[in-house]
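Colleague: I would like to learn how to read a protein model. Please take me through one, feature by feature.

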Amino acid sequence: MGKKELQVAAIENGTVIDHIPAEKTYQVARLLDLDHLDAQITIGYNLPSKKIGKKGIIKIANKYFTDEEINQLSVIAPKIVLNVIKNYEVVDKRTIDTPDELHGIVKCNNPKCITNNEPMSTFFTIVDKSKGILKCHYCDKEQDMNKVELV
């Protein structure tokens, strides 16, 4: 390893979330409720990245994420890289994309929407992934993914 490379302890088993836009690092940590996990967690912030300038990285020992948690992450920080580690080896590495539909993840910002007035799950379709535009299935209101509130 060269002198200029960053050294962060490897984990035996768990998940490494990489290429988080630096400004979203702590939002991702809050979303995953990491402060309540009884696990070894390493958070790197404002690290240099050839892809995105500055990035965050979070390593969580002995923790694997559900599809629902990954879908929530994709709303906060699309294009993050999820590495599943077993026996110090990366056994699965994938770039997380926002799915075409979001069920029960994002709150509609229209106060008159039925999802804000009845006990029912929200449902959004992604209208434009590059611009981050979502559309409520029930009231047709469009929202900016960067300004949404999670359920």
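The dialogue below goes from the whole chain to single residues.

Modeller: This is a predicted model: local features need pLDDT of at least 70 and side-chain atom pairs count only at pLDDT 80 or more, while totals for chains, interfaces and linings use all residues. Residues are numbered from 1 along each chain as its sequence is written, and side-chain values use heavy atoms, with hydrogens and water left out.

Colleague: How many helices and strands are there in the protein chain?

Modeller: Helices (H or I, at least four residues) and strands (E, at least two) are DSSP runs, numbered from the N terminus. Here the protein chain has 2 helices and 11 strands. Along the sequence they follow the pattern β-α-β-β-α-β-β-β-β-β-β-β-β. The C-alpha trace spans about 55 × 30 × 25 Å along its principal axes.

Colleague: What share of the residues in the protein chain is buried?

Modeller: Buried means under 20% relative accessible area, exposed means over 50%, and partly exposed is in between (1.4 Å probe, protein chains only). Of the 151 residues in the protein chain, 39% are buried.

Colleague: Next, the sheet. What is the order of the strands in the open sheet?

Modeller: Two strands pair if DSSP finds at least two bridges between them. In this model an open sheet of 5 strands runs in the order β2-β3-β1-β4-β5, with antiparallel pairing. β2 and β5 (89-95) stand at the edges with a single partner strand each, so one side of each has no neighbour in the sheet.

Colleague: Which strands pair with β3?

Modeller: Strand β1 (residues 14-21) pairs with β3 in the antiparallel sense over 6 bridges, and Ile20 has Gly56 in β3 as its bridge partner. Strand β2 (residues 41-49) also pairs with β3 in the antiparallel sense, over 7 bridges. There, Ile41 has Ile60 in β3 as its bridge partner. A hairpin of 3 residues joins β2 to β3.

Colleague: Why is β3 called largely enclosed?

Modeller: In strand β3 (residues 53-61), 7 of the 9 residues are buried, so the strand is largely enclosed by the rest of the structure. As a general point, in a regular strand the side chains alternate between the two faces of the sheet.

Colleague: And what is the pairing of β4 with β5?

Modeller: Strand β4 (residues 81-86) pairs with β5 in the antiparallel sense over 6 bridges. The bridge partner of Lys86 in β5 is Glu89.

Colleague: How many salt bridges does a search of the whole structure find?

Modeller: A salt bridge is a side-chain nitrogen of Lys or Arg within 4 Å of a carboxyl oxygen of Asp or Glu. The search finds 5 salt bridges. One of them joins Asp18 and Lys55, whose closest N and O atoms are 2.9 Å apart. This pair links distant parts of the chain, with Asp18 in strand β1 and Lys55 in strand β3, 37 residues apart. Asp18 counts as buried at 13% relative accessibility, and Lys55 counts as buried at 13% too.

Colleague: Where do Asp100 and Lys129 lie?

Modeller: The side chains of Asp100 and Lys129 meet in a salt bridge (3.3 Å, N to O). Asp100 lies in the loop between β5 and β6 (101-103) and Lys129 in the loop between β8 and β9, so the pair ties together parts that are 29 residues apart in sequence. Asp100 is exposed at 54% relative accessibility, whereas Lys129 is partly exposed at 42%.

Colleague: Last, the record. Where does UniProt place the feature "binding site"?

Modeller: UniProt positions are given in the numbering used here, feature names are shortened, and annotations may be inferred rather than shown by experiment. The unreviewed UniProt entry places "binding site" at Cys108, Cys113, Cys136 and Cys139. These residues span 32 residues in sequence, yet no two of their C-alpha atoms are more than 8.8 Å apart, so they gather at one spot.

Colleague: Is Cys108 buried or exposed?

Modeller: Cys108 is buried, at 3% relative accessibility. Cys108 is found in the loop between β7 (106-107) and β8 (123-128). A contact means heavy atoms within 4.5 Å. Not counting residues up to four places away in sequence, Cys108 touches several residues, including Cys113, Cys136 and Cys139. Cys136 lies in strand β9 (residues 133-136) and is buried at 1% relative accessibility.
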